[in-house]
Amino acid sequence: MENKPSLFNLLGAILMMLIGILWTYVSYIKTLHFRESGNIIMGYIFPLLGFIFVLMGIFMLNFFIKSYKIYREDKKQGTPDYFEDQVHSYRKDPSNMDRIRRQKLDKNYEDMSKNLPYFKEKFHALMSDVHREDTEDTENGENTETSERSKFFKYCPFCGETLEKNYNYCPQCGEKLQK
């Protein structure tokens, strides 16, 4: 079933035909001097464009009449437009939207529940690897945190920037540092 015909379609078709008629009349009068001087192209092209507008209006009117007839026949037969009724009732009913949201949330929860053991296992494996590396470093006598901390021995008393041993001025705020 086609859409219900609109009054705007009818008004648009009538307006298109009126503009075409007016265009043809005015352009035929205004291009008279072109036709008299022998310039046929300029003398007849502009009135022809108005005629094209009239034809477009006729086609729009024809479409409106056909769609109106189909609409009236369907209305007489009582043929319901099930799809349109379902779409409108579906959109207007807030319980449908709530139901859809609940279904999406339930599906997301199920997906998360299925994947949770996998991620727990990966997390524990990663943490055990980190712990094993830390224990290996301390057994070898390499403590990276203390070696990094020994590189920085003081902080700027003005801005708190971490400084290396050989700085006389703070690179952050520029204040002179006392030794």
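Cys170 is buried, with a relative accessible area of 4%; buried means under 20% relative accessible area, exposed over 50%, and partly exposed in between, with a 1.4 Å probe and protein chains only. The model is predicted, so local features need pLDDT of at least 70 and side-chain atom pairs count only at pLDDT 80 or more, while totals for chains, interfaces and linings use all residues. Residues are numbered from 1 along each chain as its sequence is written, and side-chain values use heavy atoms, with hydrogens and water left out.

**Cysteines**

- The structure contains zero disulfides, a disulfide being a pair of cysteine sulfur atoms within 2.5 Å.
- Cys170 takes part in no disulfide, and the nearest cysteine sulfur, that of Cys159, lies 3.5 Å away.
- In general, a disulfide is a covalent bond between the sulfur atoms of two cysteines.
- The sulfur of Cys173 has its closest cysteine sulfur in Cys170, at 3.7 Å, which is too far for a bond.
- Cys173 is partly exposed, with a relative accessible area of 35%.

**Overall architecture**

- The chain has six helices and two strands; helices (H or I, at least four residues) and strands (E, at least two) are DSSP runs, numbered from the N terminus.
- Along the sequence, these elements follow the pattern α-α-α-α-α-α-β-β.
- Of the 179 residues in the chain, 13% are buried.
- Among contacts with a separation of 6 or more, 37% join residues 24 or more positions apart; contact means heavy atoms within 4.5 Å.
- The chain exposes about 15300 Å², and carbon and sulfur atoms supply 60% of this area; accessible areas come from the Shrake-Rupley method with a 1.4 Å probe, and for residues only the protein chains shown count as cover.

**Helices α1 and α3**

- Helix α1 (residues 7-30) has 24 residues and should span 34 Å at 1.5 Å a residue, which agrees with the 34 Å between its end C-alpha atoms; the expected span is 1.5 Å times one less than the number of residues.
- The 38 residues of α3 should span 56 Å at 1.5 Å a residue, and the end C-alpha atoms are 55 Å apart, which agrees.
- The buried residues of α1 are Ala13, Met16, Met17, Gly20 and Ser27, and their cover includes α3.
- Buried residues of α3 include Gly43, Pro47, Gly50 and Phe64; the cover of the buried residues in α3 includes α1 and α2 (32-36).

**Nonpolar surface patch**

- A nonpolar patch on the surface, with about 1100 Å² of accessible area together, includes Trp23, Ile41, Leu49 and Phe59.
- Patches are made of residues with over 30% relative accessible area and no salt bridge, where like charges are joined within 9 Å and nonpolar side chains (Val, Leu, Ile, Met, Phe, Trp, Tyr) within 5 Å.
- Helix α3 (residues 40-77) gives the most to the nonpolar patch, with eleven residues.
- Leu49 is found in helix α3 and is partly exposed, with a relative accessible area of 34%.

**Salt bridge**

- A search of the whole structure finds one salt bridge, defined as a side-chain nitrogen of Lys or Arg within 4 Å of a carboxyl oxygen of Asp or Glu.
- This salt bridge joins Lys107 and Asp111, whose closest N and O atoms are 3.5 Å apart.
- Both Lys107 and Asp111 lie in helix α5 (residues 94-139), four residues apart, about one turn of the helix.
- An α-helix has 3.6 residues a turn, so residues three or four places apart point the same way.
- Asp111 counts as partly exposed, at 30% relative accessibility.
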